[in-house]
Amino acid sequence: MKKRTKRILLIIPMIFIAGIIYIFTYVPSLPKENGVVETLLYLGDSDNQPLIVAFGGAEGGIDWHRNHMKGKRDSLIQKGYAILAIGYFNADGTPRNLDRISLDAISDTIMNIAKKNKIDESKIALIGGSKGGELILNLASRFNQYKAVIALSTSNVTFPAITWSANTSSWTYKGNEVAYVPAPLKTISPALKGDLFTAFSMMLEDEEAVKNAEIHVENINGPILILSGKEDDQWPSTSMSNQIIERLKNKKFKHFNEHIILNGGHIEPLKHFDLVYDFLEKHLPAK
């Protein structure tokens, strides 16, 4: 009986270790919906409207179609802008998870819609918050048709896909995964507790991985506005945004760039859209 108990006690940790190895080595297959993007276009009455392409974050779906964004949509339309709300995962027909989302597919979709008669395709701005901010910086740093970028509570690096294994990139470009900061084993505990700030901070401790996954924001073809809340409890957006500005300075970025730090948390930038309106009026005017 004692030998059997010892054998069981030996097997249990082996099973646990095998399970951990499986979790961190298993790569989920891409769904048939990969490369599909859901869009909703909001147009005003005027001709040659600049296009604001709007992305939500880790909640998925088409965030800018939701009621809480209606006031901001309406204000921008009244100011002469068209709004393209995009769902890149967890929306009708799109991949369920934020996993290896194709930057090429998103950009192709935007440019096809930008050819509509009432839109000025020479004036396209991107706006995104949280993972959507990470997305637009990756997008604008690879495609030069975007003339202004507004990143809210964003990151300066690419993080892993939002999957249970977290061992793939959030994005792909030309069929290849965009380099990302991996999630080490020690992030499991805070992540399970819902302490995302600690989990992301742990990922950023790997300086070599951070350097490899840093977004090349200096390639963006236009002005950049970044807003962050200094009490952000989801991830260290203020310090990461400071890193973006530092990189732009070191790379001698030729366009306007500004990081405004607000008193508040992760969604604080949504309460200060007057700053967004002022930025657009100065750098991508509708008239």
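**Close-up 1. Strand β5 and its cover.** Strand β5 (residues 119–129) has 8 of its 11 residues buried, so β5 is largely enclosed by the rest of the structure. Buried means under 20% relative accessible area, exposed over 50%, and partly exposed in between (1.4 Å probe, protein chains only). Helices (H or I, at least four residues) and strands (E, at least two) are DSSP runs, numbered from the N terminus. The model is predicted: local features need pLDDT of at least 70, side-chain atom pairs count only at pLDDT 80 or more, and totals for chains, interfaces and linings use all residues. Residues are numbered from 1 along each chain as its sequence is written, and side-chain values use heavy atoms, with hydrogens and water left out.

**Close-up 2. The partner strands of β5.** Strand β2 (residues 49–55) pairs with β5 in the parallel sense over 6 bridges; two strands pair if DSSP finds at least two bridges between them. Within this pairing, Gln-49 stands opposite Ile-119 of β5. Strand β6 (residues 148–152) also runs parallel to β5, joined by 5 bridges. Here Gly-128 is opposite Ala-151 in β6. Between β5 and β6 the chain passes through helix α4 (residues 131–140), making a right-handed β-α-β crossover. Right-handed means that, with the strands pointing away from the viewer, the path from the first strand over the helix to the second runs clockwise.

**Close-up 3. Helix α4.** In α4, 10 of 10 residues are buried, among them Lys-131, Glu-134 and Asn-138. The buried residues of α4 pack against β2, α3 (103–113), β5, β6, β7 (171–173) and α8 (237–250), where contact means heavy atoms within 4.5 Å.

**Close-up 4. An open sheet of 3 strands.** The order is β4-β7-β8, and the pairing is mixed. β4 (101–102) and β8 are the edge strands; each has a single partner strand, so one side of each is left without a neighbour in the sheet. β4 and β7 run parallel and are joined by 2 bridges. Ile-101 has Trp-171 in β7 as its bridge partner.

**Close-up 5. Lys-287.** This residue lies in the segment after α9 (273–283). Lys-287 has 85% relative accessibility and therefore counts as exposed. Lys-287 and Asn-48 are 239 residues apart in sequence, and their C-alpha atoms are 8.9 Å apart in space.
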